[in-house]
Amino acid sequence: MGSNGGSSYAMALLIITLVALYTSNVESCPPSEWAALMSFKAALTEPNFRIFHSWRGTNCCYHWYGISCDPTNRRVADITLRGLTITDDNRLHINNRTATGYMSGFISPSICNLTQLSTLTISDWKGISGNIPRCITALPLLQFIDLSGNMISGKVPYDIGHLTQLMTLNLADNHISGRIPRTLVNLPNLVLIDLRNNAIEGPIPPDFWKLKKLNRLFLSHNRITGPIPRSMSSIYGLADLDLSLNRLSGPIPASLGHMPVLDSLNLKYNNLTGKIPWTLLGSKMSHLDLSRNMLSGDIADVFGERSYFINLDLSHNNLTGFIAKSMVSATYIGHLDLSHNNLCGPIPRGSPFNHLPRWSFDNNRCLCGHPLKPCTSSSQARMNIWMNKNI
């Protein structure tokens, strides 16, 4: 190769190098965001997976596990670290066994320097503790928060109502205490709230009806007290409502049975009183669990062709009277539990009663008929005596 050819080759190599360096610099995340992620990483210890081994170099937008950037401005947009969904390429096999997700430490407030963050998912690591950084309420673009399955304590930040773009709030399976912030109702785009399995106390905010887009609300296994707000029935799109395993009291609002989309209602293990609203039994729900309360009165005879219950559990209450005969008119009742009440009289014949086990009717006052003992003249006499006493 001649001198001119050598010079041209050297010049081309220099240009390619400079272009590569320039491109790398343009595509790198800002130094401030790199520093924020380094502080975030330093606050956590993850012994089983190599997820942080990929966090090398200064370009956090390039092959950093769980980190995604906005391609238009190279700012960090998503942090997605799920302990139960580590890809096979990132698993460690110790003694021929696949290691499970575990991470300890705390969530560093440094993430609040990621001002373009829209997704914050740090879930199912079991050992992450400490409080939720209050400063996350100043991240205006946050749409998804999932910190479930850890040991996070403290309160839900009161100013969470500032996150007006938020669509998902999942803090389930932690040790969070305190009350549900009233500012939560200021989030017009919320679709999912999951606060299950925590130590949250106090009442449900009465103005939950403002969450017009809410589709799923899970508050079970907490220490929530007070009544079920009637205004919740104004949330048109609410499909799943789970308030079980709390300390709720008072009657069940009949208006819940008029909600057009509600498909699953779980109120078991509370202190609810009064009659079961007929609107619930005559609704189009497929899952209704009112077990282990203090509900009384009879079972409204309102079942029909629109009744399609995959699960209907009314057990462990103080229900009286007969089993509603119209249940045989239901299109479908899969699981039915009426045990541990004060029901009396013959068990109706036909579906669903033909396939139900004995325990579905155990521990009632004077039920008889299949699958229990046959009805006899003596059982009829006992039934009449008991019914006369309770008229």
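In which sense do strand 1 and strand 6 pair, and over how many bridges? Strand 1 and strand 6 (residues 103-106) pair in the antiparallel sense, over two bridges. The model is predicted, so local features need pLDDT of at least 70 and side-chain atom pairs count only at pLDDT 80 or more, whereas totals for chains, interfaces and linings use all residues. Residues are numbered from 1 along each chain as its sequence is written, and side-chain values use heavy atoms, with hydrogens and water left out.

**Figure 1. Overview of the protein chain.** The protein chain has four helices and 26 strands; these are DSSP runs numbered from the N terminus, helices being H or I of at least four residues and strands E of at least two. Of its 391 residues, 50% count as buried (buried means under 20% relative accessible area, exposed over 50%, partly exposed in between, with a 1.4 Å probe and protein chains only). Among contacts (heavy atoms within 4.5 Å) between residues at least 6 apart in sequence, 50% join residues at least 24 apart.

Figure 2. Three strands form an open sheet in the order 1-6-8, with mixed pairing. Strand 1 (44-45) and strand 8 (126-129) stand at the edges with a single partner strand each, so one side of each is left without a neighbour in the sheet. Two strands pair if DSSP finds at least two bridges between them. L44 stands opposite G105 in strand 6.

**Figure 3. Aromatic pair of F40 and W55.** The structure holds seven aromatic pairs; rings of Phe, Tyr and Trp (its six-membered ring) pair if their centres lie within 6.5 Å, and planes under 30 degrees apart count as stacked, over 60 as edge-to-face and the rest as tilted. One of these pairs, F40 and W55, is stacked, at 6.2 Å centre to centre and 25° between the planes. F40 lies in helix 2 (residues 31-42) and W55 in the loop between strand 1 and strand 2 (67-69), so the pair ties together parts that are 15 residues apart in sequence. Both F40 and W55 are buried. F40, F52, W55 and W64 form one aromatic cluster.

**Figure 4. Aromatic pair of F353 and F361.** The rings of F353 and F361 form a tilted pair, with 6.2 Å centre to centre and 35° between the planes. F353 counts as buried at 1% relative accessibility, and F361 counts as buried at 1%.

**Figure 5. Charge of R196 over the ring of F218.** The charged end of R196 sits over the ring of F218, 4.4 Å from its centre. The criterion is NZ of Lys or CZ of Arg within 6 Å of the ring centre and within 35 degrees of the ring normal.

Figure 6. S351 and P352 are joined by a cis peptide bond with omega of about 10°. P352 is placed in the loop between strand 25 (342-346) and strand 26 (366-368). The bond from H370 to P371 is also cis, with omega near 10°, and P371 lies in the loop between strand 26 and helix 4 (377-389).

**Figure 7. Positive phi at R74 and H316.** R74, a residue other than glycine, has a positive phi near 60° and is found in the loop between strand 2 and strand 3 (76-82). H316 has a positive phi of about 55° although it is not a glycine. The loop that holds H316 runs between strand 22 (308-313) and strand 23 (318-321). At 24% relative accessibility, H316 counts as partly exposed.
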